[in-house]
Protein chains: 2
Amino acid sequence: MFKDIGVAEIDTVLKKSHEAFLLFKRVSGVKKAAFLEAIALEIETLGIELIQQAMQETNLPEVRLAGERARTCNQLRQFSALLKEGSWVDARVDTAIPDRIPLPKPDIRKMLVPLGPVVVFGASNFPFAYSTAGVDTASALAAGCPVVLKAHPAHPETSELVARAIAKAITSTGMPVDTFQHVHSSTFESGKALVQHPLTKAVGFTGSFSGGKALYDYATQRPDPIPVFSEMGSINPVFILPKALKVRGDKVAEMYAVSITQSVGQFCTNPGIMLGVQSTDLDKFSHELGATMEKIAPGTMLHPGIAAAFKKNRERALSQKGVSVIAESTEKPKENQGVTTLSTVKASDFLNNEILSEEIFGPYSILVTASSQEELIAAANKLPGQLTVTIIGEDDELLQYAEFIQLLAEKAGRVIINGVPTGVEVCPSMHHGGPFPATTDSRFTSVGTDAIKRFVRPVSFQNFPDALLPEELKAGNPLGIWRFVNSEMKK
Amino acid sequence: MFKDIGVAEIDTVLKKSHEAFLLFKRVSGVKKAAFLEAIALEIETLGIELIQQAMQETNLPEVRLAGERARTCNQLRQFSALLKEGSWVDARVDTAIPDRIPLPKPDIRKMLVPLGPVVVFGASNFPFAYSTAGVDTASALAAGCPVVLKAHPAHPETSELVARAIAKAITSTGMPVDTFQHVHSSTFESGKALVQHPLTKAVGFTGSFSGGKALYDYATQRPDPIPVFSEMGSINPVFILPKALKVRGDKVAEMYAVSITQSVGQFCTNPGIMLGVQSTDLDKFSHELGATMEKIAPGTMLHPGIAAAFKKNRERALSQKGVSVIAESTEKPKENQGVTTLSTVKASDFLNNEILSEEIFGPYSILVTASSQEELIAAANKLPGQLTVTIIGEDDELLQYAEFIQLLAEKAGRVIINGVPTGVEVCPSMHHGGPFPATTDSRFTSVGTDAIKRFVRPVSFQNFPDALLPEELKAGNPLGIWRFVNSEMKK
């Protein structure tokens, strides 16, 4: 057991973070890049010890954790590459026109600078990729912001191991010692105190709606509000069009049985709802999906709290008017296990029941059957903001549904055609975000290199002598980055 | 007098705005560009009638209003140029790698899309540039968001004229009729109802701290919070370094007498505070500045409310411990006029009195004299977030103050060397924003083409057939825009 941080200690931690910021913000991109690479290497050096610790604390299998560790180190290296390339600062240069009429035009240059200390809350379902050295930490450090990481109480030892790896990287690359601080807490009071400390400048969170919304409220109620990036999950609707059902309903069922149940359904992009117009093909699909899912044995969930919430939310959903079970694991669940479940409801009942649009975190999905295309569109309109929305359709029918796909794009941060929402690619074009309640800020992503944009703000430098300008903005472009110079993109 | 919009009517207005959004968001950049240009032309076509109306309602002189109109039309044309060029959507393309091990990489493409209906509150001090067809409206329309504009009650007739110009442009360029709607209100209730309507997706505001913060609170207290961009002004500190004072204190005094008093000091970038280390050169500067300022006659302010607030805030500041008047207009003020005022206070008193860091909107500035460089730095540290901070110094002494300039950059959105903060250049490198309380979101600008970024969010399109992709993301890059393709910037 690790000692909970007290509210008094939080003040010391944030003061140290602020002191570190004053030094860290001036570390060059190349040196920050070396730091991130060193973190990745130190994590890999922990070897099987780290994986075994995480297996013990999360019940996730070795192969999944090894993959997640690779993803985490890949993320760190992607941010490193971004920093070495350097153009991410969005440099803009407008040179002076001293003889402009009626007034001279001054020289103005702009770039992104770090916000200051960032508080990151580790997530339970990704002990590596969204936790201690996960994307929030990696992107904040890349931006030049020190991080105060609150370990997730479900995997504190795993978090300690990763924190020590980061500490080693701080030492070996000569970063300010408090560039990263690791704290433990399981009380609301300390979470609130971390968010409301005057020196905290931004917050990153991945988890439940209630947790993410609480942090948002703490931050917006400060005398000086700060941004909070809470990614709170969603039900990730999947629309299955008639012709695809007819042509390859069996393959879609196979693909979705996996997507709904992998890692015991504990992904924020889990497909929690599927929708289609009723037909014999949809019946067949439902039967096939159910037949595959019932063979998938219950799995042990991340921690007893999540298992209990799944049980409660599943039971609540199944007790709603018109909801019936199509299939569930034939094997009985043991303690803390989640029962694989496929349920169904008519769109007319779905439309009148907001509970059925709420996330059930675990291996659960509901099939909504519409009596007509109009009802399907009505159901789509009813959906709250989502991380993802997916359409399964044959090429020619997709074109017929172009308007519908436009509508769906209003609801989500990512629109997928003929795929599954699980498996979030880490790349510059990934947007992992979406309208509320999927996140508290649809304008920013928590996956991919653009995640760095959450922790920066622009500053304009007017009429600066070249010697005082940051390297990124100097006349000779010494870093050789892409810049928007007098309205022209150039290197 | 125009009829106040009732809360019931607001529902109709936002529903119409949402309907317009569904069409307007799909209008091409080139067509939106033509629309913005048509607005500029219609405003110019109003000719002297518009200027005279604004003179009557704002007490601003003809030359100033003619300049502001030119700026407003220039802004609209800059956004038009941005749309025609097209690269602002920040397109990213990562093409598929089907044979990647262990998992195939899907094709993912991302771009910025509009948020939805935007409510804009017109500002009193810029009847054109920050009002009806001002930068909030121009940037929201450019983004593809319909606008509901609440006219500022101090210049409703001017606002009506501009609104009619926009309506003409809507007709002539075939935009959805409710792309722009114009409403009048002077109650808190209707302002709140506009911000809290479920179909409102973002808010733009320029004005007082109390007004801007209230709108922010309304928005963050919604069941689904939305972004609010309140620009709430600041005191725009000016640091005058010793050598510059010695070499050209007289010229600096001349420049600042103008900056403090132009348009009766009614600019959010007005230099409300100047700071320096005590010396005979600073005394001489203070004397020269005062001597110039007392010759500047009181001017009639924008409206009686602003004049009354200036009188009250000025008197409150002058009654603070250690504050004394250096100079004020020798001519006595008439009704609703603001008295040009220069006051002074020792840094030791300034450091203990937060009231002296509050904005006094009008022709007022306070000179803070520090006993040492350390005290000057302490005063700088004490300052809240600012739109701008300015340093006046000779080239060699600026280099000595490099650390200090770094510190100042933490406090502001724009750092100016050897200039005045008034006169905000409209260009891509302008950041008109700053840490709270200057704005509610330091990450976004309300001047310059980047203002468009306030009203958009990214959406990723995964595995889309080319025919269903937006033009900006299609394989052949039919719009010829800059895109970040497989981590390489290219056209």
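Two strands are taken to pair if DSSP finds at least two bridges between them; strands (E, at least two residues) and helices (H or I, at least four) are DSSP runs numbered from the N terminus. In chain B, strand β18 (residues 483-485) is joined by 3 bridges to β19(B), and the two run antiparallel. Within this pair, B:Val485 has B:Glu488 of β19(B) as its bridge partner.

The model is predicted, with local features requiring pLDDT of at least 70 and side-chain atom pairs pLDDT 80 or more, whereas totals for chains, interfaces and linings use all residues. Residues are numbered from 1 along each chain as its sequence is written, and chains are lettered from A and ligands numbered from 1 in the order in which they are written.

An open sheet of 12 strands with mixed pairing is ordered β11(A)-β13(A)-β14(A)-β9(A)-β8(A)-β15(A)-β16(A)-β17(B)-β2(B)-β1(B)-β18(B)-β19(B). From one strand to the next, the twist averages 20°, with axes fitted as lines to C-alpha atoms and angles running from 0 to 180 degrees between N-to-C directions.

Chains A and B each contribute 54 residues to their contact, where residues are in contact if their C-beta atoms, placed from the backbone, lie within 7 Å. On the side of chain A that touches chain B, β17(A) provides the largest share, 6 residues. This strand, β17(A), also pairs in the parallel sense with β16 (residues 412-417) of chain B over 3 bridges, and A:Ser460 stands opposite B:Arg414 in β16(B).

Methods
Two residues are in contact if their C-beta atoms, placed from the backbone, lie within 7 Å.
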